[in-house]
Amino acid sequence: MTAPRPIFSDNPIDRASHLRMDDAWLADSLIDPQTRYVPFRNLNALIVPSERPDAPMDIGWQAPVNVAEFVGDGAICVFLGLMDGAPRYAVDVSSLDDKHEASELARAGRFMEVRRVSTRLGFGIPAILAQGRSMIDWHKRHQFCSTCGTPSKSSQGGYLRLCTNDACGAQHFPRTDPVVIMLATRSDQCLLGRQPGFPPNMFSALAGFMEPGETIADAVRREVMEEAGIKVGAVHYRDTQPWPFPSSLMIGCRADAESEEITIDGQELEEARWFGRDEIIASLENPAINLEDQKWQGLTVPPPMAIAHHLIRDWAFDND
Ligand SMILES: [Zn+2]
């Protein structure tokens, strides 16, 4: 059985990072009639709703003339790369206020929350929004140099912020925060946990932020021990998923459990259990996995947009 790839994967944009160094090319591209911008307002992306409920929606790409007032000195504007041969940018239009509601930009679509809309978009499109949302959020939260406190300015197409204090000159780069997410297994069982906020009957793979100086395998072993008291031996990398809220990278692993007795930490998890392969398959094959059908009383696992779903599915159906 196959399932869609984790959402926010498969970015169709060529990041063309060599062009970030070319100031003249960047300046020209900002006003090139072929260039297209995805506007973000308070981190919500401009989306063109589809006319049919089952048809995929798309980004409300804008020509330079429609976003000119938001692209200039001090603007938050990031070169995403090239797509279909044309430059693509993300631009912050949060200053779009109520008096602009009748503008071309506001009429082009609706500003929608990226996580909510991501399952309604065409293949690869959520990955463009992940790139744009993470980058704009980083600029919004890093307006000042963290070394000396002087205002910093955007450079290299938005992939660098430079301190404007000549005596400091610190360079600041966008960050990605790694998170390990792992399915611990032992013979024909896998370990899943419940956080207090989960819907009824929902369990997922354990997860946690990596710490400085840690390998991926170290982080997997530490998290499974901390959260469930289970000892882990070998760790096997599976896949990754960008998670732009604000800038995580989920690193999906399989982990060979070497003990069985669960001791939950009582903080991050309210329950952890071993589930048999049959119970997992019954859940995955249940059409009510969308969580909205309250008739299903059995185990519910995360939907296909989440890498946890793929870790669980690949193990259950032996797709390795
Ligand atoms: Zn500085």
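**Close-up views of the predicted model**

**View 1. Glu260 is partly exposed, with a relative accessible area of 46%.** Here, buried means under 20% relative accessible area, exposed means over 50%, and partly exposed is anything in between, using a 1.4 Å probe and protein chains only. A quick note before we go on: this is a predicted model, where local features need pLDDT of at least 70 and side-chain atom pairs count only at pLDDT 80 or more, while totals for chains, interfaces and linings use all residues. Residues are numbered from 1 along each chain as its sequence is written, and side-chain values use heavy atoms, with hydrogens and water left out.

**View 2. Arg186 and Glu260 pair up in a salt bridge.** Their closest N and O atoms sit 2.8 Å apart; a salt bridge here is a side-chain nitrogen of Lys or Arg within 4 Å of a carboxyl oxygen of Asp or Glu. The partners come from distant parts of the chain, 74 residues apart: Arg186 belongs to strand S10 (residues 177–186), and Glu260 to the loop between strand S14 (248–257) and strand S15 (271–276). Helices (H or I, at least four residues) and strands (E, at least two) are DSSP runs, numbered from the N terminus. Arg186 is partly exposed, at 29% relative accessibility.

**View 3. Arg277 meets Asp188 in a salt bridge, 2.7 Å from N to O.** Arg277 is buried, with a relative accessible area of 18%, whereas Asp188 is partly exposed at 39%.

**View 4. Five charged residues join up in a salt-bridge network.** The members are Glu211, Glu214, Arg222, Glu223 and Glu226. Zoom in on Glu223 and Arg222, and you'll find a salt bridge whose closest N and O atoms are 3.1 Å apart. Both Glu223 and Arg222 are buried. Across the whole structure, a search turns up 18 salt bridges.

**View 5. Four cysteines hold the zinc ion.** The SG atoms of Cys145, Cys148, Cys163 and Cys168 are its protein donors, lying 2.3 to 2.4 Å away. Donors are N, O and S atoms within 2.8 Å of the metal (3.2 Å for Na, K and Ca); water is not among the atoms, so sites may look incomplete. Along the chain, the donors follow the spacing C-x2-C-x14-C-x4-C. Cys145 lies in the loop between H5 and strand S7 (152–155) and Cys168 in the loop between strand S8 (160–163) and strand S9 (171–172), so this pair ties together parts 23 residues apart in sequence. Cys145 is buried at 4% relative accessibility, as is Cys163 at 8%, but Cys168 is partly exposed at 27%. As for disulfides (cysteine sulfur pairs within 2.5 Å), a search of the whole structure finds zero.

**View 6. Helix H5 spans residues 125–141 and is mostly covered.** Of its 17 residues, 15 are buried. From first C-alpha to last, H5 reaches 25 Å, close to the expected 24 Å, where the expected span is 1.5 Å times one less than the number of residues.

**View 7. The protein is assigned three stretches: domain 1 (17–139), domain 2 (142–174) and domain 3 (177–316).** These bounds come from an automatic or database domain assignment. The C-alpha centres of domain 2 and domain 3 lie 38 Å apart.
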